[in-house]
Amino acid sequence: MGRLSGSLLVFALCSAGVSGAAEKELIKLDLTRALALARENSPLIRAAHQRIQEAEGDLTTASILLRNNPVASFAYGRRESASGGPTQMDSDVALSQEFEIAGQRRARIRVATAEIEGARASTADIERTIEAAVAVSFFEALAATEKLSLVDTNARMAEELFEISRVRVEKGASAPIDLNASRIRVALARGQQAEALAALRRSRIVLLSLVGIGSGAPVDLVGSLPSSEELPEPEALLTQAYANRPDIVAAEAEIRAAEAEVRLARAEAWPSPVLGGEYSRDEGDRIASATLSIALPVFQRNQGVRQRAEAVLKRVREELALIKVQVEREVRELLADYERARATLALYDEEVVSAMEENVSLLRTM
């Protein structure tokens with residue numbers, strides 16, 4: 001771990017400039033702190049939490065006992081008698097209220113509740129996506145730091161081999177072609193150094209941008225690459241992902257919302273009666289009456305809304321199946337990528353660097 005932290009720290013200081021880095025406080029960054037900073041500083045996560053509050057506002061609206069307010073009407077006027085009788089003042093007062101009788105309110109509450117669950121799951125999925133990006137960039141930075149350390153060692157030994165070959169050629173102990181071969185190895189090693197440094201720079205920029213730290217800040221990464229033995233089996237990861245992945249939870253919540261939308265669309269096909277009362281005065285007589293009105297579902301039976309709601313339900317069910325396929329592919333691809341990266345580092349460490357060390361040792365004794 002000392003080699004990882006030290007190499008990244010040196011790179012951070014060089015990237016920021018020695019004078020500028022000296023004025024900044026060293027930031028020790030492990031994976032836990034990197035994840036916490038990303039959650040704290042991400043505008044995407046903050047925006048997602050606002051969507052939850054928006055959905056809660058929809059639930060408040062859906063929970064109102066009566067969807068429409070009562071309607072009051074007033075009329076007051078003068079009646080002129082055609083027979084020349086006295087003028088009379090007539091008044092009329094009416095009050096009506098629409099009532100839903102087909103479970104529309106209950107269906108709207110189910111829709112809003114499912115949408116809240118979906119918003120929460122979507123927020124968790126955004127957090128998961130950002131945390132996954134942070135973790136990937138964190139371990140990429142560790143791997144890049146380790147590779148940079150290895151290619152630095154390789155370049156140093158290549159240069160030492162070159163010097164030994166130069167001395168041997170001068171003494172006539174080796175052919176000039178050996179010196180040219182050593183010169184080529186030095187050039188290749190320096191190219192590998194440049195590539196490793198660029199990879200480290202890229203992973204560092206991505207990591208620091210995700211956690212909200214300036215790219216010029218001096219950072220000391222604290223952590224180590226997990227071994228292959230520490231990783232769970234793919235099937236165990238898939239089972240855990242299917243149960244806990246927020247995108248799957250969000251898709252399931254969207255299905256519940258779509259099912260509730262279908263029930264609501266069917267319920268709203270039924271007309272809602274309007275009950276009312278009326279009080280009037282006619283030629284001095286007081287008249288009180290009750291009224292009942294109901295729309296006749298002859299033309300508008302909510303056909304389009306019902307058709308659309310059922311189509312949405314079918315679509316979100318298909319999307320859930322697609323998400324599960326994508327989750328399985330992501331899990332297997334990530335495991336394969338990690339194994340390949342780990343094997344590359346191990347091969348480079350064990351084969352390339354070991355061979356260079358052996359060559360240096362042999363030439364020193366000749």
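Just after helix H6, Gly 212 has a positive phi of about 80°. The model is predicted, so that local features need pLDDT of at least 70 and side-chain atom pairs count only at pLDDT 80 or more, while totals for chains, interfaces and linings use all residues. Residues are numbered from 1 along each chain as its sequence is written, and side-chain values use heavy atoms, with hydrogens and water left out.

**Exercise 1. What span should helix H6 have at 1.5 Å a residue, and how far apart are its end C-alpha atoms?**

Step 1. Helices (H or I, at least four residues) and strands (E, at least two) are DSSP runs, numbered from the N terminus. H6 covers residues 176-211, which is 36 residues.

Step 2. The expected span is 1.5 Å times one less than the number of residues.

**Exercise 2. Which residues of H6 are buried?**

Step 1. Buried means under 20% relative accessible area, exposed means over 50%, and partly exposed lies in between (1.4 Å probe, protein chains only).

Step 2. The buried residues of H6 include Leu 179, Val 186, Leu 200, Leu 207, Leu 208 and Val 211. Ser 182, Ser 203 and Arg 204 are also among them.

**Exercise 3. At what angle do H5 and H8 pack, and how far apart are their axes?**

Step 1. Axes are lines fitted to C-alpha atoms, for helices over the stretch in contact, and angles run from 0 to 180 degrees between N-to-C directions. H5 (residues 104-170) and H8 (residues 246-267) pack at about 165°, with axes 8 Å apart.

Step 2. Angles under 35 degrees count as roughly parallel, over 145 as roughly antiparallel, 65 to 115 as roughly perpendicular and the rest as oblique. H5 is therefore roughly antiparallel to H8.

Step 3. A crossing is left-handed if the near helix is turned anticlockwise from the far one by less than a right angle, and right-handed if clockwise. H5 and H8 cross in the left-handed sense.

**Exercise 4. At what angle does H3 pack on H5?**

Step 1. H3 and H5 pack at about 140°, and their axes are 10 Å apart. This angle makes H3 oblique to H5.

Step 2. The crossing of H3 with H5 is right-handed.

**Exercise 5. Is Asn 302 buried or exposed?**

Step 1. Asn 302 sits in the loop between strand S6 (285-293) and helix H9 (303-365).

Step 2. Its relative accessibility is 13%, so Asn 302 counts as buried.

Step 3. Phi of Asn 302 is near 65°, a positive value in a residue other than glycine.

**Exercise 6. How far apart are the C-alpha atoms of Asp 30 and Leu 221?**

Step 1. Asp 30 is in the loop between S1 and H3, and at 32% relative accessibility it counts as partly exposed.

Step 2. Asp 30 and Leu 221 are 191 residues apart along the chain, and their C-alpha atoms are separated by 5.9 Å.
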